[in-house]
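Trainee: Could you help me learn to read a structure that is new to me?
Mentor: Gladly; let's look together, one feature at a time.

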Amino acid sequence: MLDVDGTLVDSERDGHRVAFNLAFEEAGLPDCWDVELYGRLLAITGGARRLNAYFEEQGMARTEREELASRLHSRKTEIFTEMAARGEIDARPGVHDLLDELENAGVRLAVATTGSLKWVEPLLDRLFGLERFEAIVASDDAPERKPDPSAHQMTLERLRLKPSAAPAVEDSANGLRAAKSAGLACVVVVNDYTREQDFHHADLVIDGFGGPDAPAATLADPHRLDPPGRLDVDTLRCLAQSSGSYG
Ligand code: XBP
Ligand code: MG
C-alpha cells in the first residue's frame, strides 16, 4: 500500500509549496512559504488543513480563515494539477523500477494518500499508468487525514485484505503513524523533509529506493539509513508475512 506525496513522487518542496505560493500571489496576499517554513507546516497533513493552521498561527479569526483556506486550496489544487500535467512533478528515483518489479511478481498495488483525487489520479496515470493500482484512496474518500488510519483502512477494505497482508510504504512520521494504527507493517523511505523524524516504530527505514545495482535492503538491519538499500519484492513479501508481530 503506497503513499504518494514524498514517497512515489517528489512533490512537496518544488510542487505543492510552489502551487500554494502562486495561489497566495494570485489572491493578492503577501504570504510566501519558504522551503524551511513549508517543512514545518508539513506536520499538518492535507493542504486545506495546512492553510487553516497557518492562518490560525497568524491570528486570523475562524470563519475568515476557514473560508480563505478553502478558496485558496481549490485554486492551489488547480495550479498543482496543471504543474503535474506539464510534467513538472517527477517520480522519486527508483520508483519506476520498484513498481515494475512488483507488478512482474504479481503483487497487488494500491494507494492511500492524503492528497486530493483531482491531481492524484492524473499524476499517477501520467507517471505510472492508473491501471496498475487496484485501489486509490485519497482525501476525497477518507473521513480523516493521516496520521489517522482511515485512508489505510479504507484501502484494505477495497482490497479485501487483512492488515497483515499489506505492508505500507510511507515517507513521513505522520504516514508511519497512520499505517501502524491501521495495523500494517511499514517501510519508511525518508526524504530531505523527513530524514530527522522519529521512525523507531518502522519495520524498515531507508534513504531512497536505491538504484538497480544497490544491494537489497535487509530487515536484519532495519534502521540503517546509510548506505541506502534497494527496496525489493522479497523484503516487502517478508514484511507481509511477519507484520502480525509488530505494534
Ligand atoms: C500529503 C499531504 C498533502 C499534500 C498536499 O500527506 O499532506 O496535503 O501536502 O496535497 P501524505 P493536497 O503524503 O502523508 O499522504 O493539497 O491535495 O491536500
Ligand atoms: Mg507522504
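Trainee: Is Asp 5 buried or exposed?
Mentor: Buried stands for under 20% relative accessible area, exposed for over 50%, and partly exposed for what lies in between, with a 1.4 Å probe and protein chains only. Asp 5 has 13% relative accessibility, so Asp 5 counts as buried. Before we go on, please note that this is a predicted model, where local features need pLDDT of at least 70 and side-chain atom pairs count only at pLDDT 80 or more, while totals for chains, interfaces and linings use all residues. Residues are numbered from 1 along each chain as its sequence is written, chains are lettered from A and ligands numbered from 1 in the order in which they are written, and side-chain values use heavy atoms, leaving out hydrogens and water.

Trainee: Which residues coordinate the magnesium ion (ligand 2)?
Mentor: Donors are N, O and S atoms within 2.8 Å of the metal (3.2 Å for Na, K and Ca), and sites may look incomplete because water is not among the atoms. Here Asp 3 (OD), Asp 5 (O) and Asp 171 (OD) coordinate the magnesium ion, at 2.1 to 2.2 Å. Along the chain, these donors have the spacing D-x1-D-x165-D. Asp 5 is in the segment before β1 (9-10) and Asp 171 in the loop between β5 (168-170) and α8 (173-181), so the pair ties together parts that are 166 residues apart in sequence. The helices (H or I, at least four residues) and strands (E, at least two) are DSSP runs, numbered from the N terminus. Asp 171 is buried too, at a relative accessible area of 7%.

Trainee: Which residues come nearest to ligand 1?
Mentor: A residue is near a molecule or strand if one of its heavy atoms lies within 4 Å of it. Ligand 1 has 17 residues around it, of which Gly 47, Arg 50, His 73, Lys 76 and Ser 116 come nearest. The helices α1 (12-26), α3 (47-57) and α4 (62-85) each supply at least two residues of this shell.

Trainee: How do I read its polar contacts?
Mentor: A polar contact is a pair of N or O atoms within 3.5 Å; within protein, one must be able to donate a hydrogen and the other to accept it, and residues adjacent in sequence count only if both atoms are side-chain atoms. Glu 12 has a polar side-chain atom 2.8 Å from an oxygen atom of ligand 1, and Trp 119 also places a polar side-chain atom 2.8 Å from an oxygen atom of the ligand. From Thr 114, a polar backbone atom is 2.9 Å from an oxygen atom of ligand 1.

Trainee: Where is the cis peptide bond?
Mentor: Most peptide bonds are trans. In this model a cis bond joins Lys 146 and Pro 147, with omega about 15 degrees. Lys 146 belongs to the loop between β4 and α7 and is buried, with a relative accessible area of 4%. The side chains of Lys 146 and Asp 3 are joined by a polar contact of 2.9 Å.

Trainee: What is phi of Arg 160?
Mentor: Most residues other than glycine have a negative phi. Arg 160 has a positive phi, near 55 degrees. Arg 160 is placed in the loop between α7 and β5, and counts as exposed at 77% relative accessibility.
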